[in-house]
Amino acid sequence: MNKGLLIVVSAPSGCGKGTILKEILKDERFYYSVSATTRDPREGEIDGVHYRFYSREKFEQLVSENIMLEHAEYCNNYYGTRGDIVEEMRNKGKDVILEIEVQGAMNVMKKCPDAVSIFILPPSVKELERRLRKRGTEEEEVIAERLSKALDEISHANQYKYIIVNNALEDAIDDFRAVIKAERLKAEYAGEILDEVVKNA
């Protein structure tokens, strides 16, 4: 069995990353890596589904034992990815998707040069602003903050292996699938195919 891919996905808030991944994850070959955090669960959140909720002591223990593939601290809470679970699922042949911020993505790319990194862009910053306003749930100050953060994140997009522009949703989903297909066809991942060809010679 071929080892699964490690797919790192980042995008500014409002780019439709969640909608794209929801469609991609309908394929059972993919495994969505659930992030770990020390923050308290919000109403309706389920441990192991939305996040893996840990105490600060437990999280720091996982860090000290080098179990966390990447981690960062935001607003006095830790967030991160358990590397042991990622490896377990990849060894089972699953393509593991990490949906993470740019900072965490950069750490993963350093540790795992074979990671398939994908950055999802809006068609324009103006369109991103329109999408954020369309939600109608945030104050002007929050929208301005999100746009400022988006510009900072976009400045790192060229450090990813692939860039997908989410202009039309269906096209963005097709592009995502095309990236994964191309990666699966690379010689280093095609061992099983090569074995099959030789076996039937």
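Visitor: Why are α1 and α7 called oblique to each other?
Guide: The axes of helix α1 (residues 17-24) and helix α7 (residues 169-184) come within 10 Å and cross at roughly 55 degrees. Angles under 35 degrees count as roughly parallel, over 145 as roughly antiparallel, 65 to 115 as roughly perpendicular and the rest as oblique, so α1 and α7 are oblique. Axes are lines fitted to C-alpha atoms, for helices over the stretch in contact, with angles from 0 to 180 degrees between N-to-C directions. Helices (H or I, at least four residues) and strands (E, at least two) are DSSP runs, numbered from the N terminus. This is a predicted model, where local features need pLDDT of at least 70, side-chain atom pairs count only at pLDDT 80 or more, and totals for chains, interfaces and linings use all residues. Residues are numbered from 1 along each chain as its sequence is written, and side-chain values use heavy atoms, with hydrogens and water left out.

Visitor: Which residues make the contact of α1 and α7?
Guide: Contact means heavy atoms within 4.5 Å. From α1 come Thr19, Ile20, Leu21, Glu23 and Ile24, and from α7 come Leu169, Ala172, Ile173, Phe176 and Arg177.

Visitor: What is the crossing of α5 and α6, left-handed or right-handed?
Guide: The crossing of α5 and α6 is right-handed. A crossing is left-handed if the near helix is turned anticlockwise from the far one by less than a right angle, and right-handed if clockwise. The axes of α5 and α6 come within 11 Å and cross at roughly 145 degrees.

Visitor: What makes a space a pocket?
Guide: On a 1 Å grid over the protein atoms alone, a pocket is an open set of points where a 1.4 Å probe fits, with protein on both sides within 12 Å along at least five of seven lines; lining residues have an atom within 4 Å of a point. About 1,300 Å³ of space lies in the largest pocket. Of its 38 lining residues, the closest to the centre are Lys17, Tyr51, Glu99, Glu101 and Lys149.

Visitor: Which element gives the largest share of the lining of the largest pocket?
Guide: That is α6, with six residues.

Terms used. Grid points are joined across faces, edges and corners, and a volume is the space filled by probe spheres set on the points.
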